[in-house]
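Dear colleague,

Please find the structure below, handed over for your records.

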Amino acid sequence: MARPTPLSGFPEWLPDGRVVEQHVLDTLRRTFELHGFAGIETRAVEPLDQLLRKGETSKEVYVLRRLQEDPDAADADRAGQLGLHFDLTVPFARYVLENAGHLAFPFQRYQIQKVWRGERPQDGRFREFVQADIDVVGAGELPYHYEVDLPLVMAEALGALRGIGVPPVRILVNNRRVAEGFYRGLGLTDVDAVLRSIDKLDKVGPDAVAGLLVAEAGATADQARACLELAGISGGDAGVVDRVRELAARHGVESELMEQGLAELRQLVEAAAVRAPGVVVADLKIARGLDYYTGSVYETVLVGHEQLGSICSGGRYDTLASDGKQTYPGVGLSIGVSRLVSRLLTGGLVRATRGVPAAVLVAVTSEETRAASDAVATALRARGVPVEVAPTAAKFGKQIRHADRRGIPFVWFPATEDGAADQVKDIRSGEQVDADAALWAPPADDLHPRVVPAGD
């Protein structure tokens, strides 16, 4: 068989990398559950018409078809087609609608699953990747304080990873009501086009965005400059609100919607300054291209790795989930786990102490006495110690080298004479002592693989 060609955009971590990924997932899960979020999982596929209902996603959706399906018939019946979900928010909205009668609102959920997007693979961007989402959804209404609470939950979850070497994060926040009120006050009516253009500011720069605003949003040169002025406002305290008001006054903008958004933005920034000092920054260029966001919007960057882009984003939505009679507004954020793990590994920021779960390799003296080695392994496992038994009864030196290659720190030698004691060896230090499988355990730091800063 020829050597397979790797597929770009579909990450497959080596065992050490998988230990890092699992540690990140476990840390996120524990934090989410500490705040009362219930875990759910949704199916991988959704009807294509639902996936294409919101936002600029049509180029990214993978369509699911049977190999022998007639492509002409499938194209003619889009309503019957299925696509792989590109995020977890649209499937969650459908889940809420289908199960509303069984849920208690406000409903808090976390969800950790793979998603698929047909975009060009590059640093930190994949076609198959893991997301970790939290959302709170209400029935009919959802208090604003959840827009304050959720980014702070994410800040806590990401902060819990600092101990293993994850850089600090900065959560950039804005409010769609501020942006929409300001744009409409300028006389711009195609707000979605303005938001899509502003959302590209970091990628293409202000001159290109000004051109997009004129060409796609119908802005004049003066209106485009005003939009870019708004996008240039940022800060970590409530002074941001005053600067927006000063800008609006200069351009003759008066808007109740903008004032509502500014009041909410002030509340978020002031609460964050108390609960997570230095983490949350108001940034008026944060737009989020998806058009279902209606209030607060969030993007999160790793300090010192801003070129990677946002590793966690989301916002408030009011109409994504509705059955025609009842609307279920919500707010949520999503961490790109694969993007984060990729940077941790390729940037040499963290490492796993070993890539295998076993803390002990039980040596085999001879194939005739393998049962004795198996008995030791059984006794250790019964007490929660992860164990492997040597694959062959090779010379002990070879078995020790096998353990070393695997990253297993201890080798257990069963007694070969009646009345003699078993012995266990720490192959890192060379220390070898008598041991009883009913009593001995490795040090706590060696019991399971750990994730530590790369320099440790």
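A pocket, as used here, is an open set of points on a 1 Å grid over the protein atoms alone, with protein on both sides within 12 Å along at least five of seven lines; its lining residues have an atom within 4 Å of a point. The model is predicted, so local features need pLDDT of at least 70 and side-chain atom pairs count only at pLDDT 80 or more, while totals for chains, interfaces and linings use all residues. Residues are numbered from 1 along each chain as its sequence is written, and side-chain values use heavy atoms, with hydrogens and water left out.

The second largest pocket is lined by 14 residues, and L7, F10, P11, E12 and W13 are those nearest its centre. Its volume is about 320 Å³, taken as the space filled by probe spheres (1.4 Å probe) set on grid points joined across faces, edges and corners. The lining comprises eight nonpolar, three polar and three charged residues; Ala, Val, Leu, Ile, Met, Phe, Trp, Tyr, Cys and Pro count as nonpolar, Asp, Glu, Lys and Arg as charged, and the others, Gly among them, as polar.

Helices (H or I, at least four residues) and strands (E, at least two) are DSSP runs numbered from the N terminus. Three strands make an open antiparallel sheet in the order β2-β4-β3, and its edge strands, β2 (45-47) and β3 (63-64), each pair on one side only. Pairing requires at least two DSSP bridges between two strands; β3 and β4 (residues 82-84) are antiparallel over two bridges, with V63 opposite G83 in β4.

F105 and P106 are joined by a cis peptide bond, with omega about -5°. P106 belongs to the loop between α4 (89-99) and β5 (107-116).

The structure holds 25 salt bridges, each defined by a side-chain nitrogen of Lys or Arg within 4 Å of a carboxyl oxygen of Asp or Glu. One of them pairs D123 with R343, the closest N and O atoms being 2.6 Å apart. This pair links distant parts of the chain, with D123 in the loop between β5 and β6 and R343 in helix α13 (residues 337-346), 220 residues apart. D123 is partly exposed at 48% relative accessibility, whereas R343 is buried at 8%; buried means under 20% relative accessible area, exposed over 50%, and partly exposed in between (1.4 Å probe, protein chains only).

Yours sincerely
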